[in-house]
Amino acid sequence: YYTIGLTVISIGIIIANAGFDYGIRRFVPIFIGQDNIAKVKGVIIFGVRFVTISGMIIALGLFLFSEFISVALYNKPDLVKYIKLFSLTLPFTVLSAIVINIFKGFNVIKYKVLIEDFTIIVSRILLLFYCLMFGLGVVGVIISYLASTLLGMIIGIILLLKIFPAI
């Protein structure tokens, strides 16, 4: 059920991102090269707003239609709770992707590594062991996924505001 739930949410993430994560990474350096700070700021603000709203809408849709997805598409009624839990991660995941790609756009890769490759991965592993020690099983795995993504997003936003306060 974990794999199916993760797949459903991954499709939701792709839809919610709508290419803005890659668009920001592409256009931020172009506008910096043109010395057009207003466009840099505009692309970032629009991208963050768009994925925040789309992420919440897609997450709500997946949460509300989790029973339909589980039963009608997969014929697995037990899948409902996993899709509902995973849907809570979606807004944080898309916002994390935007923040990470903002750092890539500014060519500050060390913060991408700090957030995505260190904070999220290490906290996910530690939280996974913690949840499994308390017998939470697959639900614990999803909780560790949610908590690590949320932690990475929070650290990313703090770093972004600290390093680029004009945004």
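Where is Asn-17 found? I began my notebook with that one, keeping in mind that this is a predicted model.

**Entry 1: Asn-17**
I traced Asn-17 to helix 1. Next I looked up its accessibility: the relative accessible area is 7%, under the 20% cut-off, so I noted Asn-17 as buried. Then I listed its contacts, leaving aside neighbours within four places in sequence, and found Val-51, Val-94 and Ala-97.

**Entry 2: the buried side of helix 5**
I moved on to helix 5, which spans residues 80–87. Its buried residues are Val-80, Tyr-82, Ile-83, Phe-86 and Ser-87. Looking down the axis of helix 5, I saw that these buried residues fall within an arc of 165 degrees, so they line one face of the helix. A reminder to myself: an α-helix has 3.6 residues a turn, so residues three or four places apart point the same way.

What covers the buried residues of helix 5? I found that the cover includes helix 1 (2–17), helix 3 (37–64), helix 4 (66–73), helix 6 (90–105) and helix 8 (137–163).

**Entry 3: helix 1 against helix 5**
Helix 1 and helix 5 pack at about 45 degrees, and their axes are 9 Å apart. The two helices are therefore oblique to each other. I also noted that helix 1 passes helix 5 in a right-handed crossing.

Which residues meet here? From helix 1 I wrote down Tyr-2, Gly-5, Leu-6, Val-8 and Ile-9, and from helix 5 Ile-83, Phe-86 and Ser-87. Sorted by class, this contact has six nonpolar residues, two polar ones and no charged ones.

Definitions and conventions: Residues are numbered from 1 along each chain as its sequence is written. This is a predicted model: local features need pLDDT of at least 70, side-chain atom pairs count only at pLDDT 80 or more; totals for chains, interfaces and linings use all residues. Side-chain values use heavy atoms; hydrogens and water are left out. Buried means under 20% relative accessible area, exposed over 50%, partly exposed in between (1.4 Å probe, protein chains only). Helices (H or I, at least four residues) and strands (E, at least two) are DSSP runs, numbered from the N terminus. The arc is that of the directions from the helix axis to the C-beta atoms. Contact means heavy atoms within 4.5 Å. Axes are lines fitted to C-alpha atoms, for helices over the stretch in contact, and angles run from 0 to 180 degrees between N-to-C directions. Angles under 35 degrees count as roughly parallel, over 145 as roughly antiparallel, 65 to 115 as roughly perpendicular and the rest as oblique. A crossing is left-handed if the near helix is turned anticlockwise from the far one by less than a right angle, and right-handed if clockwise. Ala, Val, Leu, Ile, Met, Phe, Trp, Tyr, Cys and Pro count as nonpolar, Asp, Glu, Lys and Arg as charged, and the others, Gly among them, as polar.
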